[in-house]
Amino acid sequence: MAEEERATSSDANQFTLRDLVTSDEVREIHLTIDKQWGPLQQSARQTAAIRALWGHVVKDPLADVLAGERLLQGMYEKMRRDRMSNAKEISGVMLAIRTLWFDARLEAAIEAFGGGHVQLVLLGAGMDARAYRLSYLKNTTIFELDFPDLLQLKSDLIKQAIASSDNQTGRLTVSSERLIHVPADLRKPNWLQMLTDSGFSPGTNTVWVLEGILYYLSHDDAMQVLETIGRALEKTAHTVLLADIMNKSAVSLSNDIYQFYSDWPDQLLPRFGFCNVKVSQIGDLDANFGLLTDPENLFERRRKIPRSVDIDPLDGSPCCRLYFVEATGSPLG
Ligand SMILES: C[S@@+](CC[C@H](N)C(=O)[O-])C[C@H]1O[C@@H](n2cnc3c(N)ncnc32)[C@H](O)[C@@H]1O
């Protein structure tokens with residue numbers, strides 16, 4: 001690899017591969033992942049690669065190890081090409097903003113609960129490392145639900161990172177009170193039971209994080225997931241739901257990998273018992289984080305077009321949108 005590609009990862013323009021990422025042990029685990037995982041699980045590594053490459057704004061001590069060398073290189077190249085061609089948006093900016101939005105709304109939700117123990121349920125947790133990177137989760141039990149093979153190899157990668165953390169990055173520890181893996185398939189109706197068997201308690205204040213998951217599910221499965229959470233609301237003390245939801249145009253452009261969509265999450269969620277539904281779009285005040293520097297970026301243009309309009313009147317392209325949605329489980333939250 002060229003020397004300039006090994007420069008510091010704290011710089012927005014450059015990226016270093018740590019020795020840990022190129023170690024035989026970590027490479028071997030990623031080779032297994034290459035061979036064994038389908039596209040659904042693979043999407044988790046892509047998200048981690050983006051968090052690692054946007055490390056100047058998202059502080060994630062595990063993102064590079066969880067993404068692996070090949071995906072990091074690929075993402076780095078994409079971003080480099082975007083910078084060289086003065087692109088209006090740099091690849092990955094959407095997911096960097098998404099991560100920061102979920103972090104910010106999660107912190108606000110925990111603060112609003114006013115103290116005490118909190119449950120954080122990450123559905124389709126993938127390579128999420130919030131348990132290791134957010135200090136405000138110290139009174140929290142985190143449940144990471146995903147496919148069994150993903151959770152197993154994620155644990156193996158984290159073990160490697162912990163083993164090497166003394167001399168390379170400082171000590172890597174879980175910042176939440178507890179971290180529990182729940183190997184389950186959201187398409188099966190027993191996932192809530194499996195969560196409950198793992199210690200989820202319906203009477204505890206809970207934040208549900210559905211980040212990068214609903215659109216991978218079929219319409220029926222996504223509705224089943226929302227309905228199941230809605231049913232759990234009846235017993236839960238205070239609940240906040242955080243989710244990102246694509247609109248129909250965004251889903252239609254994909255080759256079947258994306259399925260569930262909603263053009264009006266503000267009308268959908270109350271059907272399952274949620275209140276105070278707030279919908280944001282990338283570029284809004286709460287979903288910007290100063291990362292959209294070109295005033296003519298695509299997200300800014302989309303925000304200015306009413307949500308009821310499907311086709312951009314300027315160039316005739318479909319108005320693809322990713323909504324960030326926050327809702328509470330009761331009028332009081
Ligand atoms: C794009 S990744 C997002 C991961 C993580 N939430 C993040 O934002 O980094 C989607 C994740 O959903 C998981 N997933 C997809 N379908 C699932 C299902 N039916 N049951 C459990 N997990 C699923 C995948 O394995 C993958 O880890």
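A residue counts as buried if 20 or more other C-beta atoms lie within 10 Å of its own, as exposed if 12 or fewer do, and as partly exposed in between. The views below come from a predicted model.

**View 1. Asn-276, a non-glycine residue with positive phi in strand β6.**
Asn-276 sits in strand β6. Its phi is positive, about 45 degrees, although Asn-276 is not a glycine. Is Asn-276 buried, exposed or partly exposed? Asn-276 has 15 other C-beta atoms within 10 Å, so it is partly exposed.

**View 2. Phe-289, a non-glycine residue with positive phi in a loop.**
Phe-289 belongs to the loop between β6 and α12 (298–304). Phi is positive here too, at about 55 degrees, and Phe-289 is not a glycine. Phe-289 has 17 C-beta neighbours inside 10 Å, so it counts as partly exposed.

**View 3. The open sheet of seven strands.**
The strand order is β3-β2-β1-β4-β5-β7-β6. The pairing is mixed, and the sheet is open. Strands β3 (178–183) and β6 (275–281) stand at the edges. Each has a single partner strand, so one side of each is left without a neighbour in the sheet. On average, neighbouring strands are turned by 15 degrees against each other, direction ignored.

**View 4. Strand β5 and its partners β4 and β7.**
Strands of a sheet pair through backbone hydrogen bonds, either parallel or antiparallel. Strand β4 (residues 206–210) runs parallel to β5, and five bridges join them. Strand β5 (residues 239–246) runs antiparallel to strand β7 (residues 322–328), with seven bridges between them. Val-240 stands opposite Thr-328 in β7. Leu-242 faces Val-209 on one pairing and Glu-326 of β7 on the other.

**View 5. The two covered faces of β5.**
In a regular strand the side chains alternate between the two faces of the sheet. How many of the eight residues of β5 are buried? Eight of eight are, so the strand is mostly covered. One side carries Thr-239, Leu-241, Ala-243 and Ile-245. The other carries Val-240, Leu-242, Asp-244 and Met-246. Both faces are covered.

**View 6. The largest nonpolar core.**
In soluble globular proteins, nonpolar side chains tend to be buried together. The largest nonpolar core here holds 92 residues. Leu-53, Val-121, Val-207, Val-209 and Leu-242 touch the most other members. Helix α5 (residues 93–113) gives the most to this core, with 10 residues. At least three residues come from each of domain 1 (3–84) and domain 2 (96–328).

**View 7. The shell around the ligand.**
The ligand is surrounded by 20 residues. The closest are Ala-44, Gly-124, Gly-126, Leu-186 and Gly-212. By class, the shell has nine nonpolar, six polar and five charged residues. Which helix gives the most to this shell? Helix α2 (residues 39–53) does, with five residues. Domain 1 (3–84) and domain 2 (96–328) both give residues to the shell, so the ligand lies between them.

Met-94 is found in helix α5. Met-94 has 18 other C-beta atoms within 10 Å, so it is partly exposed. Met-94 and Leu-291 are 197 residues apart in sequence. In space, C-alpha to C-alpha, they are 9.2 Å apart.

Conventions: Residues numbered from 1 in each chain as written. Predicted model: local features only at pLDDT ≥ 70, side-chain atom pairs only at ≥ 80, totals over all residues. Pairing = 2+ DSSP bridges. Helix = DSSP H or I, 4+ residues; strand = E, 2+ residues; numbered from the N terminus. Axes fitted to C-alpha atoms, helices over the stretch in contact; angles between N-to-C directions. Near = placed C-beta within 6 Å. Nonpolar A, V, L, I, M, F, W, Y, C, P; charged D, E, K, R; others polar. Domains from an automatic or database assignment. Core = buried A, V, L, I, M, F, W, Y, C linked by C-beta atoms within 7 Å.
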